[in-house]
Amino acid sequence: MTKRIERIYQYVVQQTGSFSELDLDANRGVTTKEVAEVLDIQRTNASKDLNELVRQQRLKKIDGRPVRYVKQTAIYTTPVKKRVPSYKENPQPKESSHQFAKPPINAQDIFTRIVGANSSMKNAVEQAKAAILYPPKGLNCLITGPTGSGKTYFAHVMFQFAKSNHVVDEDKDLIVFNCADYANNPELLMSHLFGYVKGAFTGADQEKVGIIDQADGSMLFLDEIHRLPPEGQEMIFYFMDHGTYSRLGETGKNHHADVRIVGATTEDPSSSLLATFVRRIPINIQLPSFEQRPASEKIDLVKIMVAQEANRIQRKISLTEDVIKVLIGSVSYGNIGQLKSNIQLVCARGFLNHMQHEEIAITMADLPEGIRSGLSVLANRRETLAELSKILEPKIVISPNENFLEIQTDSYELPYNLYDIIGDKAALLKADGLDQEAINHFISTDINIHLKSFYKDHGFSFNAENKLSEFVDQKIIDATNRIYGVVRRELGYEFQQNFVYAMSLHISSFLKKINDGEERHTNDNIRQMVAGFPKEFSVAQQIRNYIGETFEVAIPESEAYYLAVLLISLRAHQTEGKIGVVVAAHGHSTASSMVQVVQQLLEVDQVAAVDMPLDMSPKVALDKIKSAVVQVNEDSGVILLVDMGSLATFNEEIIRETGIEVRTIDMVTTAIVLETVRKASVLGTDLDSLYESLTKFQGYGHVLTDKRKDHRTKQAILAICASGEGTAQRIKEIIQRSLSKKQEHSLDILPLSVVNLKSELPKIQKEYQLIASTGIVDPKINAPFIPLDRFIEQDVGTILDQILLEKDSSFDGEELQLDDKQATEAAIQFMQENFTYINPQKLFRPIWNFVEETVKDAGFNENKYGLEINLALHTAGMIERVLLEQPLSVEQNVLEELYQDEFYQRLHLHVQSLERFLRLEIPLEEEYYLMEILKTHHAKQLLSEEK
């Protein structure tokens, strides 16, 4: 029977082999979809084989959308340009320096299409052009920059520029060599760089050319050049000096090559490379990190990368303003490479969630938790956030086939079409009878694993030490760390290194059950086991009480028994009682990646992975799973975790052929693997009890009270001022004006008097979910408090973004550092925007004098800036109310109490001075509210001192 790959090759030859020359614009050639449909094979397999045929140089790939394939000999890419003689054939005179500034007429400047070519990348672009165009042979150069900053990409752009300016022949390729692959073997390095002669070493039965030969007349890109050993650097700089070299096994320098060398490194060249080597590289091109780029460039990079994904799936992709902000904020360590990884992840999840729609509309709901953390990062970069808010539209739509810079090679390009994998796997699952929610549930895990595995191979660390926080709330992890210290002290023996992980997962799991209203009863086996360990049981009771107090939840007494069993099981060198676990999932690395995460966290060895490519036959899959079951069995049975329901049919056959008891759970996720392995390692666990508990497992989740879903659908921001009118109403108007630009958000702004705060707040909290508060006093609710002065110091739209995107950043506790001029300008601008009948330019100075004298007389010498701003804004509103004859009202008995206040007489003197200056009479009711502001600040100050 003809192999599948040969069938594909023959079909392409039949369709394209009759052409002696193909016009690329004629859309000739065969697509992956066509091959899959005509030959009745899966699209992923067709794509894989077509790319393999390209690598074998039997087929040629025509770039475009969709990608097309033709027979290798049937295609000419473009009309062949007249060959430009090489420098060896027609050397340029050294004295003709004017040629350096004159590239060929009409030459394409591909650099102009790079994001930031005229801004953050301008210097790098100018250096690159100099390196390429400098006569007669150009200059060797070094590209430096942090991981993921685009060094490889930039080198490919340089090469395209060299070709378009006829410095390198059109038929030449960029030769790429990663020095890290040969860092510890200079002899192997030399053989790859320069080639070898027959008999140079055992097995060298014929002569072989090296990459220097391949790069003759072209450009050689040495990636990770700092990994070259000193011997390798010496080989390279001798070649740079003389242009001659010898192959391994030769004695003389018998060969010549004309090669432009471009190196790349993340390290400081002066400390990682030989000084003699660095001196031979006259141009050092420094690429900026992602954080150093301006906001406009960051947005453009997002658009370009999303456009690449839109081309792959041939659908429109839309992103909300908030999604773009999150993506930009999520870049913390990997620069542009990390941004691309995150965009691929988000687009893949968006594709999964909206597969049936023409437009992939990505919103905050499509973002994984790890990327959402970009919100808190961006919250601490106020200037960046403000820049982004000014530039971004509420929604950006990107269509496929939009023009953007496409370089032939991208080091962060996935070697497969992730969207094909998602589509094929979803189809298989649907055929298995799963509903869409279930399909989405675990393909999301698959997407994460595919991307994380790939990017890990490209040098990105995905914070292995923080993996636990992907499953467990950070507050639980912090509490467990404190528990660990107490337990070691109380019990006096060593625990396994995975204590914190195992205990955190256990606590998170039972808090989730309590939150969901699930009851757990203690069986007799557990009680009997714990009876022999009274010290552990006593400590477990302490842990139970501590957890209950920390998370403000009633924990049943039975939980102390389970905690005691866990303590016993986590004792160092404890080995008995383990149930084996096998994870089997479709995909090249899905199962092994999940198992790797679990092994890193729990340090266990009774778990095995079986990866099953989509084209693996059921018989081969069954044999692999049986071998894995036998491998992990320790006479306590095996739990088999699978990703598709059809694999569950293997259960009986495995039991029959191996004699090992097996229970199967489908719809596997990393969380289920964690829970299974954790419980399988606990003493006294039997196979059926473990299986039953896993069928009810609903994940760990975030069970803290402030993270729970709120039953109150109406959201609100509380604005507190002395009267509940005046300033509070102004704040309401400001926020509402900003909200009108954000149609997707809907919330109420509730003005409230500080006098009525105590009585009215409980009523408000019953009806509304308060997401923030602002004004003259912090009401101490479970939401951020924004001091009123922040409305002057910070852009209101930025403040709202921080609130509405659910950032946990703190708004208070930071004294503003505005000088007098800044404070004056900010306050005047605020008054101009929010008051109608007063002239802030004329009134600000007398108002501020009144405020400063009053605050000083009241004895407030520290942390008074916020009070002064509050009092100034309130005073401005008071003057406008007096002019309009609309003063605030207060009950008479309350006013009578005002006279009894010891500070009132001093305040009244300051008010009289203001009255004389303004020639206005200020009512007693308004004086009352001035007093309330001062009293509130005094109470707040006392509370702070007590703490």
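In this tour a residue counts as buried when its relative accessible area is under 20%, as exposed when that area is over 50%, and as partly exposed in between, with a 1.4 Å probe and protein chains only. The model is predicted, so local features need pLDDT of at least 70 and side-chain atom pairs count only at pLDDT 80 or more, while totals for chains, interfaces and linings use all residues. Residues are numbered from 1 along each chain as its sequence is written, and side-chain values use heavy atoms, with hydrogens and water left out.

**The whole protein**

Begin with everything shown: of the 947 residues of the protein, 53% count as buried. The secondary structure comes to 38 helices and 23 strands, where helices (H or I, at least four residues) and strands (E, at least two) are DSSP runs numbered from the N terminus. Where contact means heavy atoms within 4.5 Å, 75% of the contacts between residues at least 6 apart in sequence join residues at least 24 apart.

Select proline 135 and proline 136 next, which are joined by a cis peptide bond with omega about 0°. Proline 136 is found in the loop between helix H4 (122-133) and strand E4 (141-144). Then move to histidine 166, which is not a glycine and yet has a positive phi of about 60°. Histidine 166 has its place in the loop between helix H5 (151-164) and strand E5 (175-178), and with a relative accessible area of 34% it is partly exposed. As background, most residues other than glycine have a negative phi, and most peptide bonds are trans.

**Salt bridges**

The structure holds 21 salt bridges, a salt bridge being a side-chain nitrogen of Lys or Arg within 4 Å of a carboxyl oxygen of Asp or Glu. Select aspartate 241 and arginine 280, which form a salt bridge whose closest N and O atoms are 2.7 Å apart. This pair links distant parts of the chain, since aspartate 241 is in helix H8 (residues 230-242) and arginine 280 is in the loop between helix H10 (275-278) and strand E12 (283-286), 39 residues apart. Aspartate 241 counts as partly exposed at 42% relative accessibility, and arginine 280 counts as partly exposed at 25%.

Go on to lysine 325 and glutamate 321, whose side chains meet in a salt bridge of 3.1 Å, N to O. Both residues lie in helix H12 (residues 321-329), four residues apart, about one turn of the helix. Is this pair buried or exposed? Lysine 325 counts as buried at 1% relative accessibility, and glutamate 321 is buried as well, with a relative accessible area of 9%.

**A buried asparagine**

Asparagine 335 lies in helix H13 (residues 335-353) and counts as buried at 8% relative accessibility. To see what surrounds asparagine 335, leave aside its neighbours within four places in sequence and show Pro146, Thr147, Gly148, Ser149, Ser289 and Phe290, with which it is in contact.

**Further along the chain**

Select aspartate 635, which is not a glycine but has a positive phi of about 70°. Aspartate 635 has its place in the loop between helix H25 (618-632) and strand E18 (638-642), and it counts as exposed at 76% relative accessibility.

The next selection is aspartate 688 with arginine 663, a salt bridge in which the closest N and O atoms are 2.8 Å apart. Aspartate 688 lies in helix H28 and arginine 663 in strand E19 (residues 662-665), so the pair ties together parts that are 25 residues apart in sequence. Aspartate 688 is partly exposed, with a relative accessible area of 42%. Select also Lys619, Asp623, Lys626 and Glu657, which are joined into one network by salt bridges that share partners.

**A pair of packed helices**

Finish with helix H27 (residues 670-680) and helix H28 (residues 687-695), which pack at an angle of about 155° with their axes 11 Å apart. This makes H27 roughly antiparallel to H28, a term for angles over 145 degrees, whereas those under 35 count as roughly parallel, 65 to 115 as roughly perpendicular and the rest as oblique. Here axes are lines fitted to C-alpha atoms, for helices over the stretch in contact, and angles run from 0 to 180 degrees between N-to-C directions.

Which residues of H27 and H28 meet? Glu675, Thr676, Lys679 and Ala680 in H27 meet Leu690, Ser693 and Leu694 in H28. The residues of this contact divide into three nonpolar, two polar and two charged, where Ala, Val, Leu, Ile, Met, Phe, Trp, Tyr, Cys and Pro count as nonpolar, Asp, Glu, Lys and Arg as charged, and the others, Gly among them, as polar.
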